[in-house]
Amino acid sequence: MLAIARRNAILELLREQQSLNVTQLAATLGVATETIRRDFKELEAAGQLIRTHGGAYITDGVLNDINVSDRSVIRKQEKREIAKKCAQLIQTGDSIFLDASTTDWCIAQELLEKHITVLTNSLKVADILSVSACVKLILAGGNYAPRTMSFYGEQTTEDLSRYYVDKAFLSCRTVHMEFGATDSNEGEALARRTMLHRSHSTYLAVDHSKLDGVSFLNICPLEDLTGIICDQPLSPVWQNHLRNH
């Protein structure tokens, strides 16, 4: 297979599956893994995919929902920086909500020594915090989604609706000046909207790659947020818009 045909095949598979594994793709196409890695590198340089450790993914399309195992290795350092800043906003005695985003996994890792109460619908967040002797942990149950390692549905909403927290730390797939925070996962969007209205302060924790995009489901307008925590300073246009709203 010629390189151009192979790369077109890779893009077609990505459009169907949203993410690909190097080893599995090499076996499918009958080429060496190094060949696939070179293809990924070329396609990333052309802006057609984003490489991860051992694979690649695309975010095109408002409905695309990337598997949590892929998201967990994307922009790890940026998420750690965001998590450290979020942790600085959390004081002893606070009650907080953490969603099922991989950014909030990083926030959870920063909270093991804090005497706080954490409410979450994320099995992964609960697992991280379960070893802490300081954190009072409350896990909202419901239908379990392996793809996001989280609980969703009517029972989850009912569980979350029983509580009010001091601070909620939410992430999302995309955030836009006009359309606000948006997502592609209905269960997660509902959990986030629920806690948005049950927290005194709400912070959106997103890395810079999520700015200026729009996804399928609305979470909230920017006016509903207390602040946005990002790994890079926002542009003057963004800063002016936030000040005005």
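How far apart are the axes of helix 5 (residues 76-88) and helix 6, and at what angle do they cross? I looked this up first in the model, which is a predicted one, and I noted that the two axes come within 8 Å and cross at roughly 55°. Since angles of 65 to 115 degrees count as roughly perpendicular and angles under 35 degrees as roughly parallel, helix 5 is therefore oblique to helix 6. I also noted that the crossing is right-handed.

Next I listed who touches whom: Lys-79, Arg-80, Ile-82, Ala-83 and Cys-86 of helix 5 meet Thr-102, Thr-103, Cys-106 and Ile-107 of helix 6. Sorted by class, this contact holds five nonpolar, two polar and two charged residues.

I then asked myself how many of the eight residues of helix 6 (residues 102-109) are buried. I found that seven are, and that the helix is mostly covered; the buried ones are Thr-102, Thr-103, Asp-104, Trp-105, Cys-106, Ile-107 and Ala-108.

Val-22, Thr-23, Leu-25, Ala-26 and Leu-29 in helix 2 meet Thr-33, Ile-36, Arg-37 and Phe-40 in helix 3, and by class I wrote down six nonpolar, two polar and one charged residues.

Last, I looked for His-245 and found it in the segment after helix 10 (236-244). His-245 counts as partly exposed because its relative accessibility is 46%. From His-245 to Lys-167 I noted 78 residues in sequence and 20 Å in space, C-alpha to C-alpha.

Methods. Residues are numbered from 1 along each chain as its sequence is written. This is a predicted model: local features need pLDDT of at least 70, side-chain atom pairs count only at pLDDT 80 or more; totals for chains, interfaces and linings use all residues. Side-chain values use heavy atoms; hydrogens and water are left out. Contact means heavy atoms within 4.5 Å. Helices (H or I, at least four residues) and strands (E, at least two) are DSSP runs, numbered from the N terminus. Ala, Val, Leu, Ile, Met, Phe, Trp, Tyr, Cys and Pro count as nonpolar, Asp, Glu, Lys and Arg as charged, and the others, Gly among them, as polar. Buried means under 20% relative accessible area, exposed over 50%, partly exposed in between (1.4 Å probe, protein chains only). Axes are lines fitted to C-alpha atoms, for helices over the stretch in contact, and angles run from 0 to 180 degrees between N-to-C directions. Angles under 35 degrees count as roughly parallel, over 145 as roughly antiparallel, 65 to 115 as roughly perpendicular and the rest as oblique. A crossing is left-handed if the near helix is turned anticlockwise from the far one by less than a right angle, and right-handed if clockwise.
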